[in-house]
Amino acid sequence: MTTSDEQDEMKTAEMEEKQSRVAAGASVSGGLASPPRPAEGEPEAETMTTRNLKVSFGKTDAVKGVDMEIRARSVTAIIGPSGCGKTTYLRALNRMHDYSPSARVSGTVLLGDRDIYGDDMSPVELRTRVGMVFQRPNPFPTMSIRDNITFAPRRHGRVRRGEMGELVERVLRQAALWDEVKDRLDDSAIGLSGGQQQRLCIARALAVKPGVILMDEPASALDPTATQRIEELIYDLKKHYTIVIVTHNMQQAARVSDYTAFFYVGNLVEFGETDQVFTNPREERTEAYITGRFG
Ligand SMILES: Nc1ncnc2c1ncn2[C@@H]1O[C@H](COP(=O)(O)OP(=O)(O)OP(=O)(O)O)[C@@H](O)[C@H]1O
Ligand SMILES: [Mg+2]
């Protein structure tokens, strides 16, 4: 017998599988081919800007008009109580809501100076420039470690066959996973531990050379050691990438981020340098939240 809980769980798993393919830069319904970009060199870290960004689901206004500038080559943490719109905001930066029929998005999202919802940027191009890592590690379950990484670059024809091995090694090294998996690249990705799977998902995101990486509570399912590795990785990556991380962990936000955004019921209440937000918040609500008085 299949209970409705199990059905929900299966639906969620299917949805996440689809979304991770989307996030990895593959088109779901055979979208436009992305324009060629150089296979070598550094990724183009870019700023992202939102102006009056609103997202609603039916009658729920999840994000209520957020203006924010996300700086290049830095880590921006998004914090705030459960349900305040952090995930919804993050997904709007990568057009993930395109696949939710009930979602309505308005306002402007710029990548550099280009409107990501504008006609001149295809969702496929966008996803090669803005990568995403989800809360639960979601490697493609039927693929090997190697194929998880090469799937999207192969789809885009961005890397020649002979260069795939090099790409796999490079991104696995960047994600601090190479030494642990170099002898088992053809094994199934789901044989990895949770922390290794999450680093694989980060390697997979890096393989399309995005300039921006969005992470939604990437360490929340991991133990302290795995969490520390992810944090060190984020610290290293910010030299070349623009990183946005949603986290419930105040210490983590304080440790890894340069800027912090505090969200509350769909609004951006405070944005500033992390030191300032944590030691001298301007808003009473920020102070109440970071000192643990609510949320
Ligand atoms: N697909 C959806 N359909 C309907 N409502 C949604 C959907 N996604 C989010 N919401 C609603 O939007 C609001 C914001 O949700 P969101 O997931 O962005 O919160 P969050 O800050 O990420 O919370 P958490 O810390 O618990 O992850 C909530 O009221 C939520 O119920
Ligand atoms: Mg969330």
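**Stop 1: a pair of strands**

Select strand β1 (residues 48-57) and strand β4 (residues 103-111), which pair in the antiparallel sense over 8 bridges. Two strands are said to pair if DSSP finds at least two bridges between them. Helices (H or I, at least four residues) and strands (E, at least two) are DSSP runs, numbered from the N terminus. To inspect one bridge, select S56, whose partner in β4 is R104.

This is a predicted model, in which local features need pLDDT of at least 70 and side-chain atom pairs count only at pLDDT 80 or more, while totals for chains, interfaces and linings use all residues. Residues are numbered from 1 along each chain as its sequence is written, and chains are lettered from A and ligands numbered from 1 in the order in which they are written.

**Stop 2: the hairpin**

L111 stands opposite R114 in β5. β4 and β5 form a hairpin with 2 residues between them. In the turn, select G112, which has a positive phi of about 60°.

**Stop 3: helix α7**

Next, select residues 194-206, helix α7, which has 13 residues. From its first C-alpha to its last, α7 reaches 18 Å, close to the 18 Å expected at 1.5 Å a residue; the expected span is 1.5 Å times one less than the number of residues.

Why is α7 largely enclosed by the rest of the structure? The reason is that 12 of the 13 residues of α7 are buried. A residue is buried if 20 or more other C-beta atoms, placed from the backbone, lie within 10 Å of its own. Among the buried residues of α7 are G195, R199, L200 and L206. Now display the elements against which the buried residues of α7 pack, including β6 (130-133), α4 (145-156) and α8 (224-237).

**Stop 4: ligand 1**

Finally, select ligand 1 and the 13 residues around it, of which F57, A62, S82, T87 and T88 come nearest. A residue is near a molecule if its C-beta atom, placed from the backbone, lies within 6 Å of it. The elements that give two or more residues to this shell are β2 (60-70) and α2 (86-92). Which element gives the most to the shell? That element is α2, with 3 residues.

Conventions. Contact = placed C-beta atoms within 7 Å.
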